[in-house]
Amino acid sequence: MPNWNRSSILVRRTVGYSIAAALVCTGVSLLFLFVVGSKDADMARDRATGAWDRTVPLIREGYLPSMLPAGRDIAIQVLNTQGQVVASTPQLAHKPPMATFRAPSASVHAERVLCPPAGLKDCMTVFSYKVYQPDGPWLLYIAVPTVPWFGNTAALSFAIGMSLLATAMTAAGTFHVVKRDMTAVDAIRTELAEITATHLHRRVPVACDNQEEINLLAGTVNDTLDRLEGAYKQLRQFTSDASHDLRSPLTAMRTQLEDALMHPDDTDWPRMAGAVLTGVDRLQAIVTDLLTLARLDARAPLDLSATDLGRLVGEELDRHDYRMRIVRDLRRNVFVDCDPLRITRLLVNLLDNAERHATSLITVSVRADGPTATLEVLDDGAGIAPEHRERVFDRFTRLDASRDRDSGGTGLGLAIAREIAEAHHGTLTIQDSEKGARFVLRLPVREAPQTSGRSSHGTGHAGLFSFPVIR
Ligand SMILES: Nc1ncnc2c1ncn2[C@@H]1O[C@H](COP(=O)(O)OP(=O)(O)O)[C@@H](O)[C@H]1O
Ligand SMILES: [Mg+2]
């Protein structure tokens, strides 16, 4: 079936550019013809002046022959004071005066177009000169062919021919270029239409050279497909990891229950219920983390308030008992715009990991580095090798050393923490340290609020956190 949209673009472009070319050519041709016309008119006037130059001395000196020499397309008549023709070129021999007008009294020269002058054919421009003689003014008529506004037919044919050629070349060129571009765009469209979730590895064709814009379009489409394919692979991986992590505790619980039902009398039911509850806890933890991630992915709005970061962290540390010693170095008056609940969640995730991996000590610090507020959680455990420092932020990533499911982690804690940092326009990274893992959260600092505001994390008691305290 013909593609009418495509055809109409092709036709519209071709006709549009051709009309534009025709208009430009017409303008240029008119200019050219006017120049040629005025040049030819000047030449005709020069010829008349030349004839005047040759004839007047003959009249003045009394050597005027009755038959003047013939000139190309030029006719001359000399009339005496009585208006009788005393000399003429051969085509006007024995003919009456070609014209009757004469220059007004103040002037010696006049000019008119006569169609035709008496005794001649075709329109001619007739020049009338007064030649003063002792017996009174004589009249000299000189007729030359009238020059049209376009000069001559050769110039006109040339202008029309060149205009037609230029317009035809523009039409052909436009048709060719647009058709080539449309073909390339069609190829991209066809390929895109065929790419579905199952063919995400396919890419649209990049056209041949000198189609820069089309190539840019194809490149951008391919880049987008690269990103889509990456995101789709991640999603598939995430779904498979999530299913696997949900299935493991479910399978364990099912086996325990089936065993118990097969041997009800030999089963220690309270112990069995405790074991099943552990599995349920794990399922609940995974589902809760998944829901948190889904909300962060959906960019759920943050409940932002001006918060003293050191104070917020101090309050969270006060709220729990930790198995490790915690060293605090929490600077006062480091204010950020944040959702306190989310930042607390991020801190809890980092502290939870640190507690599991530390040997004996965790250091938590807050300070301002210029325009950045920095929160660090450092432990004295085995640390994380540089090559794994990005990977651990991926969902369900657990390094081999902590594969043990009983460690209680869902593998989503760091992914959630990083999403929270990014939702606050901040970063969460792992930095070098002498010993153990050093997690660094950076958030943009804001000015201290004018009033203590609604937040319980305002400036009050900030001095409490100015010095390192060991618990
Ligand atoms: N403080 C730390 N020291 C060493 N390794 C860590 C530390 N924190 C996180 N990791 C590694 O990063 C992985 C991902 O952490 P996380 O996303 O919180 O998942 P989980 O804690 O559930 O295992 C952990 O399994 C662990 O291997
Ligand atoms: Mg964790």
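Colleague: What makes Cys115 and Cys123 a disulfide?

Modeller: This is a predicted model, and in it the sulfur atoms of Cys115 and Cys123 lie 1.8 Å apart. The cut-off is 2.5 Å, so the pair counts as a disulfide. By that rule the count comes to one disulfide. The link of Cys115 and Cys123 is right-handed, with 120° about the S-S bond.

Colleague: Why do Cys25 and Cys338 count as buried?

Modeller: Buried means under 20%. Cys25 has 14% relative accessibility and Cys338 has 0%, so both labels follow from that cut-off.

Colleague: What is the peptide bond from Cys115 to Pro116 called, and where is Pro116?

Modeller: That bond is cis, with omega near -15°. Pro116 sits in the loop between strand 3 (109-114) and strand 4 (124-133).

Colleague: What is noted about phi of Asp122, and is this residue buried or exposed?

Modeller: Phi of Asp122 is near 65°, a positive value in a residue other than glycine. Asp122 also belongs to the loop between strand 3 and strand 4. Its relative accessible area is 61%, over the 50% limit, so Asp122 is exposed.

Colleague: And Phe396: where is it, and why is it called buried?

Modeller: Phe396 is in the loop between strand 10 (372-379) and helix 7 (413-423). Phi of Phe396 is near 65°, again positive in a residue other than glycine. With 5% relative accessibility, under the 20% limit, Phe396 counts as buried.

Colleague: How do you know that helix 3 and helix 4 are roughly antiparallel?

Modeller: Helix 3 (residues 212-262) and helix 4 (residues 269-297) pack at an angle of about 165°, with their axes 10 Å apart. Angles over 145 degrees count as roughly antiparallel, and therefore these two helices get that label. Their crossing is left-handed.

Colleague: Which residues make the contact?

Modeller: Among them are Phe238, Leu246 and Met253 of helix 3, and Trp269, Val276 and Ile286 of helix 4. By class, the contact of helix 3 with helix 4 has 18 nonpolar, two polar and two charged residues.

Definitions and conventions: Residues are numbered from 1 along each chain as its sequence is written. Chains are lettered from A and ligands numbered from 1 in the order in which they are written. This is a predicted model: local features need pLDDT of at least 70, side-chain atom pairs count only at pLDDT 80 or more; totals for chains, interfaces and linings use all residues. Side-chain values use heavy atoms; hydrogens and water are left out. Axes are lines fitted to C-alpha atoms, for helices over the stretch in contact, and angles run from 0 to 180 degrees between N-to-C directions. Helices (H or I, at least four residues) and strands (E, at least two) are DSSP runs, numbered from the N terminus. Angles under 35 degrees count as roughly parallel, over 145 as roughly antiparallel, 65 to 115 as roughly perpendicular and the rest as oblique. A crossing is left-handed if the near helix is turned anticlockwise from the far one by less than a right angle, and right-handed if clockwise. Contact means heavy atoms within 4.5 Å. Ala, Val, Leu, Ile, Met, Phe, Trp, Tyr, Cys and Pro count as nonpolar, Asp, Glu, Lys and Arg as charged, and the others, Gly among them, as polar. Buried means under 20% relative accessible area, exposed over 50%, partly exposed in between (1.4 Å probe, protein chains only).
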